[in-house]
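Biologist: I should like to learn how to read the strands and helices of a model. May we take one as a worked example?

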Amino acid sequence: MASNNNSTASDSSSDVKKNPKKTNLLDPNSIKHLLDETATEIVTSRGYKEDVKLSNMKLLIGSIIIIIALIAQFYPKKFPENKDILIGCIILYPLLLVIIYTKEKNAILFTHPPSGSFNSTGLVVSSKLPKFSDMYTLSISSSDTKSISAGKPVQLTKSVTQWFTKDGILAEGLFWKDVNGLVNKYTGESNKNNVYESIVPDINKENVE
């Protein structure tokens, strides 16, 4: 099992060296997207498979919202005959948006528990990069906070300047180290015993200016 993990980490190291990730440092959305995408890769590389139920729910709710809008637009009767359908659309539309917001908030990833794990709950990985700020916050919590196996939520806040070179290249090894450390903090694992901490952080350790 350990050899498989070692192989996965080595493959990741090779990929990072060949294809460094780069972004526009003047575009906060681009920065956040790249960090979110990389954080997702790191967490799933630890054996956490993505739970797509919420994504499917989002697509379903989005489809319902579109259908509601179409019904309201093309309903054959004019006002006031169509007032009931209009009232229904007005009530349902914000309600569905609230459901999406409540379920997702700042979440970028929902997972199942790792295969063979004693934990019965997966993770919710969330992130924030406020406007006019360089402070990126990554949070990890349980997908079921009421479960007996739910871990204590953990959080990492750091300036994005710590992970990017002046040319916008992500020092991915440093980011891997920080995200893995956050996962270890949530799971209670030791960094010394984690293969990803010993291999991946050595990648791309150039000075970040």
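**Reading a sheet and its helices**

Biologist: Which residue in β2 stands opposite Phe 110?

Modeller: Phe 110 stands opposite Val 124 in β2. This is a predicted model, in which local features need pLDDT of at least 70 and side-chain atom pairs pLDDT 80 or more, while totals for chains, interfaces and linings use all residues. Residues are numbered from 1 along each chain as its sequence is written, and side-chain values use heavy atoms, without hydrogens or water.

Biologist: How many bridges join β1 to β2?

Modeller: Strands are DSSP runs of E, at least two residues long, and helices are runs of H or I, at least four, numbered from the N terminus. Two strands pair if DSSP finds at least two bridges between them. Here three bridges join β1 to β2 (residues 123–128), and the two run antiparallel. Ala 107 likewise faces Ser 126 of β2.

Biologist: What is the strand order of the sheet?

Modeller: The sheet is open, with four strands in the order β1-β2-β3-β4 and antiparallel pairing. At its edges lie β1 (107–110) and β4 (154–159), each pairing on one side only. From one strand to the next the twist averages 15°; axes are lines fitted to C-alpha atoms, for helices over the stretch in contact, and angles run from 0 to 180 degrees between N-to-C directions.

Biologist: How many residues lie between β2 and β3 in their hairpin?

Modeller: Six residues separate the two strands, and Phe 132 in the turn has a positive phi of about 60°. β2 and β3 are joined by six bridges in the antiparallel sense, and Val 124 sits opposite Ser 141 in β3.

Biologist: Is β2 mostly covered or uncovered?

Modeller: A residue is buried under 20% relative accessible area, exposed over 50%, and partly exposed in between (1.4 Å probe, protein chains only). Five of the six residues of β2 are buried, and the strand is mostly covered.

Biologist: Which strands does helix α5 lie across?

Modeller: Contact means heavy atoms within 4.5 Å. Helix α5 (residues 172–187) lies across β2, β3 and β4, at about 30° to β3. Its buried residues include Phe 175, Trp 176 and Tyr 186. Gly 188, which follows α5, has a positive phi near 80°.

Biologist: Why should α5 span 22 Å?

Modeller: The expected span is 1.5 Å times one less than the number of residues. α5 has 16 residues and should therefore span 22 Å; its end C-alpha atoms are 22 Å apart, which agrees.
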